[in-house]
Structure formats: C-alpha cells, structure tokens
Amino acid sequence: MERYWNEEIECMPREDMKKLQDERLVAQVKHVYENVKYYHDLMDEKGVKPEDIKSTDDLHKLPFLTKADLREAYPYGLLAKPLSECVRIQSTSGTTGKRVVAFYTQHDIDLWENCCARAITAAGGTDEDVCQVCYGYGLFTGGPGLNGGSHKVGCLTLPMSSGNTERQITFMRDLGSTILCCTPSYAAYIGETLHDMGYTTDDIKLKAGIFGAEPWTEEMRHSIEKSLGIKAYDIYGLTETSGPGVSFECSEQTGMHINEDHFIPEIINPDTGEVLPEGEVGELVFTSITKEAFPLLRYRTRDLCVLSRKKCSCGRTLIKMSKPMGRSDDMLIIRGVNVFPSQIETVLIEQGYSPNYLIEVDRMNNTDTLDISIEMNPTQADSAGEDIQMYEKTLASSIKTMLGISPKVHLVNPKSIARSEGKAVRVIDKRKLHD
Ligand code: ADP
Ligand code: ZN
C-alpha cells in the first residue's frame, strides 16, 4: 500500500491545489516586493506591481530570475527576512561557476525537511528504517536535507557523509541500514566496493535508495538496483529552491512529483522565455511560494525536462517532471551536434559496461574531437585480449548511431577511472582551455 507523508497535500484535488497556490503566490509577491530591493527594481523595470498578480494565471507577468542575478546580488542582496530571523546558510556545489548562497529561517528548514520526508516516505521509509545518508554534509544541501527528512520520518539516521567507502559498508552491514541516500554515482561505487570486499546483496539489508543531485539514466538505475539489491528512487532539487526534495519519485517511477504546495513549476523555451505547454521539453522554472528568507520568483534552473499531469498510480495528484536530461550548460556541442553525456551513458550500460567513463572533447585543426574512455570490468579485461579493438569499434558505432557523430573509444583497465563520492565529473572539455 502506498504511504504518504502528507496525504491531504500530496493527493489534493487539482482545483484545491490551484487555490492554495494562488493565495500563496499573491502573498509571496507582496512579501518580496516590499522586502527585497533587488526584486522591487526588477519588477518596476518590467512595469509589474504586486496588485497585477492576482493568481497563478498571472505568473507569466513576473520577470525571470537567473543565476547571474544571484551572483550579482551575492551575498545578501536577495534576502527577504532580517538576519536575526535566519538560522542557516547552505551553498551550491559550484559545479558551473561561482557558488551561490541560500538563506533559511526555521520555517524554511522545516518545509524543506518535510519535502525530504515526503520523498523518504514515498520510497517506503518509516520509523522502522535505518537510513544511511552518504550525501556530503556541510554547505552542500544533500546531507543536511535528507538528514532532516529522515529525522522527521523517525528513521534511525546514520549521518555518514560521503567518503571512506569501506567504512560505509561496514556500518551498513553492522547496523542493518535499509535505506541509502547519496548521489547515483556514489551508489554505483558503493555497490562495486561491496562486491570487491567479497560480499553480496545477501550480506546487507538495504531495500531502497534515494539518489539525486546529478543526472542519471534508467540504465544506471537498473545497474545500481542490481548491484545493491534495492529499488532506486530519484530525488531532485537545487540549493536555490532549498535543496533536495523539490520533487521525488513514487512507486510508479515514471517521473518525480513536484511539491507544488511550495514550488510552482513552469517550462519555458530557453531561447525566447516563452512558456511552453505541458509535454514539451524546455527549461524548468520555479517559483517558491512559501519560503521566507530566500524566496525566488520564476527562477531559471537551466535544467531541461518535461512536465506531465497524467494520472499517477500512486494516488498523488502532484504534477510530475521527467528526469532532467542535464542542464542546458551541460550540453556539449560537438561538430555542431548537441550531445548530452547521458546519451553516451545509456549506450555504455546497455552494452554491459560499467558506469565508469570519461568524455574528453577537444579541437584539432578546427575540428572537434570526441574521445570516450570506458572502463572494462575484470572479466571483460581478461577475456578481451586481442579483440579489444573490435569491442571498441562496436561501441563507437553504437554511440555514432545514438549521437550522429563518431567518437574515438578507448577501453581502459579496471579501476583506472577515478570514482566519485559526490557529483561525478564525466566531461572534460579542453576546448574551453584554448578559448
Ligand atoms: P550546483 O548547481 O553547483 O551543482 P546544487 O548542488 O544546488 O548546485 O545542484 C543542483 C543541480 O543539480 C540541479 O540544478 C540539477 O542540475 C542537478 N540535479 C539535482 N538533482 C538531480 C536529479 N535527480 N537528476 C538530475 N539532475 C539533478
Ligand atoms: Zn506517483
């Protein structure tokens, strides 16, 4: 039977949810206009007054906010509450440039942790569970968010943080952890280490994993599920909107339910800013309607995905977003073709390779080059022998079919590609070094 953390909200009829969003949006716009000079100026520039926003139907009238705005307003420029009411700061991982800081009142922390509690409950978590959190703790939101959610649910919480992978497995075995929270790339590494230590899934009690903070493919999901003997659930979020838990997967596993009582999503055309109808791929934009200290209106995430209101078998009525295929700025343009690392990952895992790979892009004689190093597992390495070139050719041709451009494929020795304990680095774009 499906369990909910907050059934009334998670299964609320659409009309009631819209009413709740309308009320909250109107109040939020007023709050930021009155308390944040940066917004006041942005809205004045666009000629919008708080009175013009009467419901979510007027959302499109508000200006967008971008990461560049956050950097310009760094550190305190977007703060909407006096510092005396703020109790926490978290910061982005800085994957794509200068870090951004976000502020929380106690109310903001509570709502964030409740969002994470919804995710843990949707993954089957209860107060009977032992929840091992191996997202990084500290400024990164992964550890603190899931830690807080796990407490709310009443799980016995193991605040491991990332790293020291053998110790992770020792604790997992000794304490009988049933839920694992970390990045998918770290989950894959933990699975690999478990088997390297001579254990199998029979030696652990894990039943579910809650993995997010980076893009991962369905193929990667199956590979982790197999190596850890669990059901793997996706979770999404970003520091700017509080952290993980903005959306989460349910038992149906066909996209993540967005916590719409706190975050209103829109999909826009990233080039024109035009709002796109449900079902079209575009950039995800969020308006946080309940956060007090750092309430972003129409924040452009740069994550590309699709929204769907299709009825979900779990009973939740919250809208769903597809797995983000990557950020608009993760997309590589190689010889004029758009390439997402996830497309390459799909081919590799489908063909029985490990999710340990590195994509290197460079430019030689004015032509882009694409080199992909892929690790063999020990069995593959033992049996490849003289046929290695043939395997490389087969892989190169499958990747060419997927992408439309030819890569150079290098099969490399087991354990020769660095493992990730947090967000994996899969791409080195050397062209940027020349520019
Ligand atoms: P940074 O932008 O520095 O990485 P964050 O730690 O706040 O800072 O990361 C948020 C970003 O991580 C999101 O915008 C998104 O690109 C990515 N992300 C988070 N969860 C997922 C997920 N489940 N699937 C794909 N990407 C994700
Ligand atoms: Zn569902």
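Where does asparagine 366 lie? This note takes up that point and several others on the structure, which is a predicted model.

1. Asparagine 366. Asparagine 366 is found in the loop between strand E17 (357–364) and strand E18 (367–375). Its phi is positive, at about 65 degrees, although the residue is not a glycine. For context, most residues other than glycine have a negative phi. Asparagine 366 has a relative accessible area of 74% and is therefore exposed, the cut-off for that class being over 50%.

2. Glutamine 253. A positive phi, of about 55 degrees, is also found at glutamine 253, again not a glycine. Glutamine 253 is placed in the loop between E8 and E9. Its relative accessibility is 17%, so glutamine 253 counts as buried; the limit for that class is under 20%.

3. Distant parts of the chain are linked by the pair cysteine 250 and cysteine 312, which are 62 residues apart. Cysteine 250 belongs to the loop between strand E8 (243–249) and strand E9 (256–258), and cysteine 312 to the loop between strand E13 (307–308) and strand E14 (320–321).

4. The ideal angle for four tetrahedral donors is 109.5 degrees. Cysteine 250 is buried because its relative accessibility is 0%. Cysteine 312, with a relative accessible area of 6%, is buried.

5. The cis peptide bond. Tyrosine 74 and proline 75 are joined by a cis peptide bond, with omega about -5 degrees. In general, most peptide bonds are trans. Proline 75 is situated in the loop between helix H4 (67–72) and strand E1 (86–91).

6. The cavity. The structure holds 1 cavity of 30 Å³ or more. The volume of the largest cavity is about 50 Å³. Among the residues lining the largest cavity are Tyr74 and Pro75, together with Leu70, Val100 and Phe294. By class, this lining comprises 8 nonpolar residues, 1 polar residue and no charged residue.

7. Aromatic pairs. The whole structure contains 8 aromatic pairs. In one of them, tyrosine 104 and tryptophan 112 have ring centres 5.1 Å apart and planes at 25 degrees, so this pair is stacked. Tyrosine 104 counts as buried because its relative accessibility is 1%, and tryptophan 112 is buried at a relative accessible area of 0%. Elsewhere, ring pairs join Tyr76, Phe103 and Phe294 into a cluster; Phe294 also lines the largest cavity.

8. The second largest pocket. At least two residues of the lining come from each of helix H8 (184–196), helix H9 (218–228) and helix H10 (341–350). The lining divides by class into 9 nonpolar, 9 polar and 8 charged residues.

Terms used: Residues are numbered from 1 along each chain as its sequence is written. Chains are lettered from A and ligands numbered from 1 in the order in which they are written. This is a predicted model: local features need pLDDT of at least 70, side-chain atom pairs count only at pLDDT 80 or more; totals for chains, interfaces and linings use all residues. Side-chain values use heavy atoms; hydrogens and water are left out. Helices (H or I, at least four residues) and strands (E, at least two) are DSSP runs, numbered from the N terminus. Buried means under 20% relative accessible area, exposed over 50%, partly exposed in between (1.4 Å probe, protein chains only). Ala, Val, Leu, Ile, Met, Phe, Trp, Tyr, Cys and Pro count as nonpolar, Asp, Glu, Lys and Arg as charged, and the others, Gly among them, as polar. Rings of Phe, Tyr and Trp (its six-membered ring) pair if their centres lie within 6.5 Å; planes under 30 degrees apart count as stacked, over 60 as edge-to-face and the rest as tilted. On a 1 Å grid over the protein atoms alone, a cavity is a set of points where a 1.4 Å probe fits but cannot get out, and a pocket is an open set with protein on both sides within 12 Å along at least five of seven lines; lining residues have an atom within 4 Å of a point. Grid points are joined across faces, edges and corners, and a volume is the space filled by probe spheres set on the points.
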